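Me: I have a model open and would like to learn how to read it. Could you take me through it feature by feature?

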Protein chains: 2
Amino acid sequence: MKRTEIATIGEFGLIQHLTEKIELKNSTTLKGVGDDAAVLDYKDKLTLVTTDLLLEGVHFDLMYVPLKHLGYKSAVVNFSDIYAMNGRPKQITVSLGLSKRFSVEDLETFYEGLQLACSIYGVDLVGGDTSASLTGLTISITCIGEVEKGKEIYRSGAKETDLICVSGDLGAAYMGLQLLEREKQIYKGEADFTPDFEGKEYLLERQLKPEARKDIIESLEKAGIQPTAMIDISDGLSSELLHISQESKVGCQIYEDRIPIDFQTAAMAEEFNMNLVTAALNGGEDYELLFTVPLSLHEQILEMKGVSVIGHITKASFGNYLIGRDGGEVKLKAQGWNSLA
Amino acid sequence: MKRTEIATIGEFGLIQHLTEKIELKNSTTLKGVGDDAAVLDYKDKLTLVTTDLLLEGVHFDLMYVPLKHLGYKSAVVNFSDIYAMNGRPKQITVSLGLSKRFSVEDLETFYEGLQLACSIYGVDLVGGDTSASLTGLTISITCIGEVEKGKEIYRSGAKETDLICVSGDLGAAYMGLQLLEREKQIYKGEADFTPDFEGKEYLLERQLKPEARKDIIESLEKAGIQPTAMIDISDGLSSELLHISQESKVGCQIYEDRIPIDFQTAAMAEEFNMNLVTAALNGGEDYELLFTVPLSLHEQILEMKGVSVIGHITKASFGNYLIGRDGGEVKLKAQGWNSLA
């Protein structure tokens, strides 16, 4: 494969090379890459802003994450935060810290992934910063989106008796990561080795190429359902539920047997001898939507494809609990990031 | 000094600790830190977005940059980009990658600097991301600002015969960096050493605690002057002038004897035996504003405090030149970032 050193085209050359083919799609984008700031016109809508920092060795391992997938995922995880406010992502800025290890072709591949995500989700790439790095790859993405006034959904709106709903299924991305980590260990030990991913494609896809739930936001709108609180699941169901409880000053009860889990996730937990519920509660990186709706919408929500009702909101004094298959109660705990521990 | 390990309060604890005292100041900020995205209401104004990535060892050296100054500077360099569009900065998001080397107190100090800048410039800190890092400190800041429709100023509006203006003076931040680097080298050699910064305070201040030219933007507005093109000087006068020429499809002539240079900068260049004009043209980090105005505003612009007219815009075919004190012409060259070379 061709390898062009970044030094041969320089900073300005690199930015121009990577961004020259970008076509702006949104009427809110007046000016994208190429000035001191992007210029946006949000007229009478609200502007949403979210940001994510991804660091090599902490958030991704280039040994098993292809650069194109990394570009795609870096964009999608930000879109997910905008959908979690009931918004629509419209623009992103992308900042990269690059060591000499990366070639112009590597960055083209990364940008292909980024632009594929932007194209599928209708988002414009409007700016960024490219810089040398002494160590690995640093990716910082900020996403800007819009929402009609009064339609924005915070974490703080859940009310007692509201139903707790979740889209898709949980724990698969975490299992995908375990799978990749295992194969990496095996690979380090032997040279002639073909990874055995058959029947586990879904887990890999969920880890390497996650999607944001644009479809669920659109379905909710079509059904005329305005959730009372919403968050996306990036750190695990348990952690996100506690955010809603804390911000809404309520408690919650969810039921183990209602947590949606894919067959491949369950089979993999069995094979790895891991606790399936723990993976679903604390695995993270699912990028599904967790939201609450008034009890009166019970029938409507049951009719929605791809949404499961997993429990209900209680008084704050009742705390936050998982009711097991045997009827036992387990207190929910935040896991979150503990890489500094 | 007290040292609290970040691990003792965890990710969510850290974010809460650092952001709990933040008071929102702008009517455009509906919701700041604490949800999936910040919510902003820009009504009938345009939204501006800019972003900067700062990496330890590349953009700053913690051996001589105090964390409070680093926080201040990280915010200000982003504000400068918004002013360069003739806008007003209103919100920032701050993402940090942190190694175990940093304590909670270190981050408090960094945030003090950030919040001081936000307070002086009237900006709300509305979100961010905090993450573990395997190596040094990573800082990614995105700034959002507003500008009245029709008042935004691009790099592309300069016209033939326009006057080229620059605020403040140039080259001092670069000299400040040379000074700090020299003291660092000396410090490495001997233990009992007091840095000799007397009479060089301005150079250090320009490097360690730069300001964005809010005052110039306000003066221009008060005087009713709408520049035709504008950019802030982060990579050096030469490089930024070429951006204006390229985007506006024009050429330029500037005069060596008109480039504003402070006395301390000149004295330091003498002491270091460095070329003063090179420092002023290519030094960078000045965060002054470079702009063009119609020739008809000549008298008005000469009356403005803190602004120098350094040349004029020509036809593109005339190229981009510095006219020396002796009348000789030197072609302007882009320097930009070459740390990957």
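Reply: Happy to! Let's start where the chains meet: strand S3 (residues 46-55) of chain A and strand S2 (residues 38-40) of chain B run antiparallel and are joined by three bridges. Opposite Thr47(A) stands Leu40(B) in S2(B). Two strands pair if DSSP finds at least two bridges between them. Helices (H or I, at least four residues) and strands (E, at least two) are DSSP runs, numbered from the N terminus. This is a predicted model, in which local features need pLDDT of at least 70 and side-chain atom pairs count only at pLDDT 80 or more, while totals for chains, interfaces and linings use all residues. Residues are numbered from 1 along each chain as its sequence is written, and chains are lettered from A and ligands numbered from 1 in the order in which they are written.

Me: In what order do the strands of the open sheet of six strands come?

Reply: The order is S5(A)-S4(A)-S6(A)-S3(A)-S2(B)-S1(B), with mixed pairing. Strand S5 (124-132) of chain A and strand S1 (29-31) of chain B stand at the edges, each with a single partner strand, so one side of each has no neighbour in the sheet. From one strand to the next the twist averages 20° (axes are lines fitted to C-alpha atoms, for helices over the stretch in contact, and angles run from 0 to 180 degrees between N-to-C directions). S1(B) pairs with S2(B) in the antiparallel sense over two bridges, and Thr29(B) has Leu40(B) as its bridge partner in S2(B).

Me: Which strands does helix H2 (residues 67-83) of chain A touch on the sheet?

Reply: H2 of chain A touches S3, strand S4 (88-98) and strand S6 (138-147) of chain A, and its direction makes about 35° with that of S6(A). Helix H3 (residues 104-121) of chain A also packs on the sheet, touching S4 and S5 of chain A, at about 160° to the direction of S5(A). Contact here asks that the C-beta atoms of two residues, placed from the backbone, lie within 7 Å.

Me: How should I read two helices packed together?

Reply: Two packed helices are described by the angle between their axes and the distance between the axes. In chain B, helix H2 (residues 67-83) and helix H3 (residues 104-121) pack at an angle of about 40°, with their axes 7 Å apart. H2(B) and H3(B) are therefore oblique to each other (under 35 degrees counts as roughly parallel, over 145 as roughly antiparallel, 65 to 115 as roughly perpendicular and the rest as oblique). The contact residues include Leu70(B) and Phe79(B) of H2(B) and Phe110(B) and Leu114(B) of H3(B).

Me: And how are two copies of a chain compared?

Reply: Two copies of a chain are related by a rotation about an axis and a shift along it.

Me: How many residues of chain B are in contact with chain A?

Reply: 63 residues of chain B are in contact with 62 residues of chain A. Strand S3 (residues 46-55) of chain B gives the largest share of its side, nine residues.
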